[in-house]
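Me: I'd like to learn how to read this model feature by feature. Could you take me through it?

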Amino acid sequence: QVETLKAKLLEQAQEISRLRSELGGTDAEKHRDLLAAENERLRQEMKACEGELRELRRQQQAPCRDCPHLQENAGLQEQLSQLQREAEEARAKLVELDLEVQQKTNRLAEVELRLKDSLAERAEEEERLSRRLRDSQETIASLKSQPQQIKYIIKTVEVESAKAKQALCETQSRNQYLQEQVGMQKQVLKEMEQQLQSSQKTEAQLRAQIMMYEAELERAHGQMLEEMQALEEEKDRAIEEAFSRAQVEMKAVHENLAGVRTNLLMLQPALRTLTHDYNSLKRQVRDFPLLLQETLRSARAEISQAIEEVHSTNRELLRKYRRELQLRKKCHNELVRLKGNIRVFGRVRPITKEDGEGPEAANAVTFDADDDAVLHLLHKGKQVSFELDKVFPPQASQEEVFQEVQALVTSCIDGYNVCIFAYGQTGAGKTYTMEGTAANPGINQRALQLLFSEVRGKAADWDYTITVSAAEIYNESLRDLLGKEPQEKLEIKLCPDGSGQLYVPGLTEFRVQSVEDINKVFEFGHVKRVTECTNLNEHSSRSHALLIVTVRGLDRSTGLRTTGKLNLVDLAGSERVGRSGAEGSRLREAQHINKSLSALGDVIYALRSRQGHVPFRNSKLTYLLQDSLSGDSKTLMMVQVSPAEKNTSETLCSLKFAERVRSVELGPVSRKAELGSWPSQEHLEVPKTLLGDSPGSAAPPGRGHASPSPGQLSSRSASIRRKLQTSG
């Protein structure tokens, strides 16, 4: 604060010096007051600082020699004394400025006095000149009246002496001066006459206005008199009417008074009765608070009992509603099973950092709190609702998702064909749902683990063999992910036994017996699958992946043989080339992916509209899924959607496609079971090439390994084991 005051005083001194050099006496007076007020304010601030310093001195109870606060206090005191000296200098400068202002004021007063004296002298001079002008005019008038004498005198003077000539010259010069004065006075007189004429005009105008105002006043006075006369007449009429009404009312009052007197005589018994009733009511009012409290207590008890009954009824209704909802869902699932509808589950992934920030990354998907099969999408300001068989919110775990599909997976053991495929735009989480991570596996690995668990549970009566195949459709080419040469293109063919089912010649099939075998197969196939980085997904799948699990069972007591297949499909994501930034080979991959998904949409449309021809052969994907979509399989579609605002168009298309798929009826599913001989264990270990075995039929002819020799079997098995060990 001391430093601030010092800076302010320096600024004040500079301002004083600048005003002293630039401003005159009048401006100095104005700034003097301002500087005095500022100086007074600074003086008060300085006094406040001194008070704070004194307070600090009183607070020091035991001052020490080397205390830094004491040294700082000494420095502050020195600065304060310097500041006081500077303030005294500023005061002195201010006094000097006051003296200078006073001197200038005195000089100004003297100048004003001299100006007044000059004005007075000028007035006297004008008066003297006026008198001389009048004298000159009189002289001129007298001279005009005697012209001959003047001529004579002039002529006479010409004959006279030189002294008379000099006097005559003086008289002539004075006469010329007087004529000039007369001309000036005439000019002044003319100006005064003009002013008089303008004054007369102004007077005439004012007189005209006064006359107009007088006429207006007279007219207003006449109107006022007429209005007063009308008001007087109206007042008289009102008084007469009021008097007549008062007489009539007075007469009626007298009549009513007579009736009241009669009624009073009759009402005395009624008054006694009312008095008695009043006393009884008074007693009741005195007892009313007690009755009111008692009534309130009973009412509160009844209301509490009613509220409790309503609550219990609501709880019971809610329990019944939930039970009915579960029963409805169960009946719906049973109806779907009987009709053979494709079940559709939806899963919404959470918002991630790849979605960015701002309005484009806002959540556009909401859920129904009472129905877990409904979700709402906000698209272009409008809310669109979709109903599926089950909807999983972003916080749903992999375990919760698998619990809903494990019933389908276990039906594979009983001899049914099952197909689960994930659909959605790129980056929506399809691969995560199907494959998952090592720490949190998806449907594929959990399904095989569940199959092993079920097989172990039935080991007392049944013998089961589980085999696995993996393939991908890349750029409309079918490739074996578990074969020695994954780049080799495979073909889809009809089974030659006449069953109408499809198989893939040359597709490698491995027998798995433990979770370790599963991990090796998954790792071996995952390494060979094609994935690339795009603008929409860092690890975008560029192909459709199919995991084919075949479960063969034999009931040792009855000889019943079952064959079930589980097709787990991870479809490549649909993408817009403009957003994904695909170029070159990526662009060609995107075109093939979008073409195959469009063919899948055409197949769904044909099945939904029950057309005679279903275009399964328009794409390798739809041709390979023909068995799963033609009515002999339990099919589930997991539609994956993104909740981000920027992906609402793709999300809307995916959900509309899911609703169309949900309405497709494939018909009842048949179980693949028959009585027959069981193939040897050695034969099961041989790689199979049949994707869709027909129930009860042996391997079709032409597969090349229907009856291999023992040496060929052992060498082939050894190579498969070495391959699995190497990939592991």
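Reply: The protein chain as a whole has 16 helices and 18 strands. One caution: this is a predicted model, where local features need pLDDT of at least 70 and side-chain atom pairs count only at pLDDT 80 or more, while totals for chains, interfaces and linings use all residues. Residues are numbered from 1 along each chain as its sequence is written, and side-chain values use heavy atoms, with hydrogens and water left out.

Me: Is glutamine 611 buried, exposed or partly exposed, and which residues does it touch?

Reply: Buried means under 20% relative accessible area, exposed means over 50%, and partly exposed is in between (1.4 Å probe, protein chains only). Glutamine 611 has a relative accessible area of 38%, so it is partly exposed. Contact means heavy atoms within 4.5 Å. Not counting residues up to four places away in sequence, glutamine 611 touches Tyr605 and Ala606.

Me: What do burial and contacts say about the chain overall?

Reply: Of the 728 residues in the protein chain, 34% count as buried. Among its contacts with a separation of 6 or more, 73% come from residues 24 or more positions apart.

Me: Where does UniProt place the feature "binding site"?

Reply: UniProt positions are given in the numbering used here, feature names are shortened, and annotations may be inferred rather than shown by experiment. The unreviewed UniProt entry puts "binding site" at Gly424, Gln425, Thr426, Gly427, Ala428, Gly429, Lys430 and Thr431. Of these, glycine 424 lies in strand S6 (residues 417-424), and glycine 427 is in the loop between S6 and helix H7 (430-434).

Me: Why does glycine 424 count as buried, and why does glycine 427 count as partly exposed?

Reply: Glycine 424 is buried because its relative accessible area is 2%. Glycine 427 counts as partly exposed because its relative accessibility is 25%. Leaving aside neighbours within four places in sequence, glycine 424 is in contact with Lys430, Ala572, Gly573, Ser574, Gln640 and Ser654.

Me: How do I read strand pairing, say around S15?

Reply: Two strands pair if DSSP finds at least two bridges between them. Strand S7 (residues 462-474) pairs with S15 in the antiparallel sense over 12 bridges, and valine 468 has valine 549 in S15 as its bridge partner. S15 is also joined to strand S16 (residues 560-570) by 10 bridges, again antiparallel; here alanine 545 stands opposite aspartate 570 in S16. S15 and S16 make a hairpin with four residues between them, and glycine 559 in the turn has a positive phi of about 80°.

Me: How many residues of S15 are buried?

Reply: In strand S15 (residues 544-555), 12 of its 12 residues are buried. His544, Leu546, Ile548, Thr550, Arg552 and Leu554 point one way, with Ala545, Leu547, Val549, Val551, Gly553 and Asp555 pointing the other way.

Me: Which residues other than glycine have a positive phi?

Reply: Lysine 380 is one of them, with a phi of about 55°. Lysine 380 is in the loop between strand S3 (374-379) and strand S4 (382-387), and it counts as exposed because its relative accessibility is 71%. Glutamate 476 has a positive phi near 60° and belongs to the loop between S7 and strand S8 (477-480).

Terms used:
Helix = DSSP H or I, 4+ residues; strand = E, 2+ residues; numbered from the N terminus.
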